[in-house]
2 protein chains.
Amino acid sequence: MIQQLNVVPFVSVDHMMKLVHAIGIERMLSDIAAYIEQDFRRWEIFDKTPRIASHSLEGVIELMPTSDGKLYGFKYVNGHPKNMKAGLQTVTAFGLLSDVATGYPVLLSEMTILTALRTAAMSAVAARHLAPKNAATMAIIGNGAQSEFQAFAFRALLGIENLRLYDVDPAATEKCARNLARHGFRITRCTTAMEAVEGAQIVTTVTADKQYATILTDNMVGAGIHINAVGGDCPGKTEIHRDVLLRSSIFVEYPPQTRIEGDIQQLDPDHPVEELWKVIAGAAQGRTDSSQITLFDSVGFAIEDFSALRYVHERIREAGTYVDLDLIADPDDPRDLFGMLMRAAPSSAAAA
Amino acid sequence: MIQQLNVVPFVSVDHMMKLVHAIGIERMLSDIAAYIEQDFRRWEIFDKTPRIASHSLEGVIELMPTSDGKLYGFKYVNGHPKNMKAGLQTVTAFGLLSDVATGYPVLLSEMTILTALRTAAMSAVAARHLAPKNAATMAIIGNGAQSEFQAFAFRALLGIENLRLYDVDPAATEKCARNLARHGFRITRCTTAMEAVEGAQIVTTVTADKQYATILTDNMVGAGIHINAVGGDCPGKTEIHRDVLLRSSIFVEYPPQTRIEGDIQQLDPDHPVEELWKVIAGAAQGRTDSSQITLFDSVGFAIEDFSALRYVHERIREAGTYVDLDLIADPDDPRDLFGMLMRAAPSSAAAA
């Protein structure tokens, strides 16, 4: 009685981990980066809306939909900074792709791991267009769940091998350093943010506090560096001092969303920013001189999740990293949903 | 290595059918109706937004989120009228409940069947407040996938046993009549909509064409009847002639959404309508006299899905109708998502 139409391929957390290992993490980050660049080049054809957020005292739950007219995708994602103390993830996520022509889902996937991968891939894509050419050292301020993914993406896409790590919690730095040293990175553990930025051409800020924080102050930011500002990503949560923003050339994903959620929420609503997709598509310039401070005010946009889901969708069959989920009721006669239900009765002779 | 925190109870289509049979369809419709009434009475505490729709030539894909501050819920639902001809469901859906305090999902469920149940329960709740007291006969115009559920809900909540069925496709009427006759309803098959409404105190319209249609014209609607208008539920899709609307007392779920999607999209944006939650909460009157024409312009609102998911969430454990889904990455150390991923490597001795 159950037909193939009713099933949706499901990628569990375990499947996603197997997929990462089957492909290799740096290869997968490079591939996702390529899919993001592909989709950013056709930015104008996408349905774009700021994410739909439900805020509470403890955090936020968001839905991030988009569509290219052929596929529709959305991500469910939460952000609960206090979760960590309770032994939970700050950010968890899952996502879905479906066929616009029928509305039927074609993929359901965990996205906690996939979001970490796509966020890191997006950061590295931006840096490829914005970081100084000679970049060899990156500071990572905030050494939580996202930090190692950022490191791998910057090595995969820009060849960065020298990392200067700092976190308010030394245990987080130790965890990050241990994870990365094992994979050939050259690590410097730092005891202040100021120490971390010394000699770094790229500064990644990826902290998790849901508050106005000032991770980078004006005196810490020298000429010519690229700032990858990942952690300032919802209203009331910022990382970069306003004075740093005022000295920087700022690049964003989707201005209507970033002005609400990004570090630029501290600036006037008409402060000039450049859309990253235009840089990727060759319609705007990235870094134009070596003394310029560039800043990618990353908040995460639905199209990046779409790119990542599209990539996973195309790779799971060969890797076999999914199961079929009985998610869609699909009676033989589409008008006979009730008949299908009745035939499933335990006492029914017609039950399959 | 996998902890219990990572799993989310998943109710498949098969589980949902088993749950309906374990509880009994009329009992389940009455229960869901009670949950809807409970939530409508506390309407004001809910986060309310019109659904987020992505329209295409073929149909629409929608996300419908809401929250009562403790639980957050959303539904994914499509509407593709042409699907039926391709052997697919016009409407398929699934939904999720999560814990507002942590953002962690607590239930993922099929909602194709559940939406049919909650839509029917909602219709019957409205009719209990709006239909004439003596109602014994209902016309059902549109005999597709939703029709039998409507019949069962009206019997469960209002005791309606006499049904007059009509569909433009006689095969749909035959299917619906066959399904219902088996369960003790007294069925009259009709060959026109005009014939179907004869002697009916309640008229349910539940057709699926994505276009402006006129299922009920002015001459078909006598004094004192209640119209349960279910099928006019998205922009450009209506069922009821404007003149009928102008003679009716109109009740709606959430005016900002119904004015865009309901039959009242044909009326001035300030045409008076009553919010159904106020009637249920005793803050407004339903039917006030026997010659009044009442009309429930049903489009389906997120709170109804929330009520239905809340009910399913509370019932699946005793019924055992779910499986645990490995949806949430949950490393032992929440900051060590990367470490969890690396320990899952096939070659790693630490892999579980």
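Predicted model: local features only at pLDDT ≥ 70, side-chain atom pairs only at ≥ 80, totals over all residues.
Residues are numbered from 1 along each chain as its sequence is written, and chains are lettered from A in the order in which they are written. Local features need pLDDT of at least 70, side-chain atom pairs count only at pLDDT 80 or more, and totals for chains, interfaces and linings use all residues, while side-chain values use heavy atoms, without hydrogens and water.

In chain A, an open sheet of seven strands has the order β2-β3-β4-β5-β6-β1-β17, with mixed pairing. Strands are DSSP runs of E with at least two residues, helices are runs of H or I with at least four, and both are numbered from the N terminus; two strands pair if DSSP finds at least two bridges between them. Strands β2 (52-55) and β17 (323-326) of chain A stand at the edges, each with a single partner strand, so one side of each lacks a neighbour in the sheet. From one strand to the next, the twist averages 20°. Four bridges join β2(A) to β3(A) (residues 60-67) in the antiparallel sense, and H55(A) has V60(A) as its bridge partner in β3(A).

Helix α3(A) (residues 112-130) lies across β3, β4 (71-79), β5 (93-99) and β6 (105-110) of chain A, at about 90° to β6(A). Axes are lines fitted to C-alpha atoms, for helices over the stretch in contact, and angles run from 0 to 180 degrees between N-to-C directions. Helix α2(A) (residues 25-41) packs against α3(A) at about 65°, with the axes 8 Å apart. The two helices α2(A) and α3(A) are therefore roughly perpendicular (65 to 115 degrees). Contacts (heavy atoms within 4.5 Å) involve, among others, I25(A), M28(A) and F40(A) of α2(A), and L114(A), R118(A) and H129(A) of α3(A). The residues of this contact between α2(A) and α3(A) comprise 13 nonpolar, one polar and three charged (Ala, Val, Leu, Ile, Met, Phe, Trp, Tyr, Cys and Pro count as nonpolar, Asp, Glu, Lys and Arg as charged, and the others, Gly among them, as polar).

Terms used. Parallel < 35°, antiparallel > 145°, perpendicular 65-115°, else oblique.
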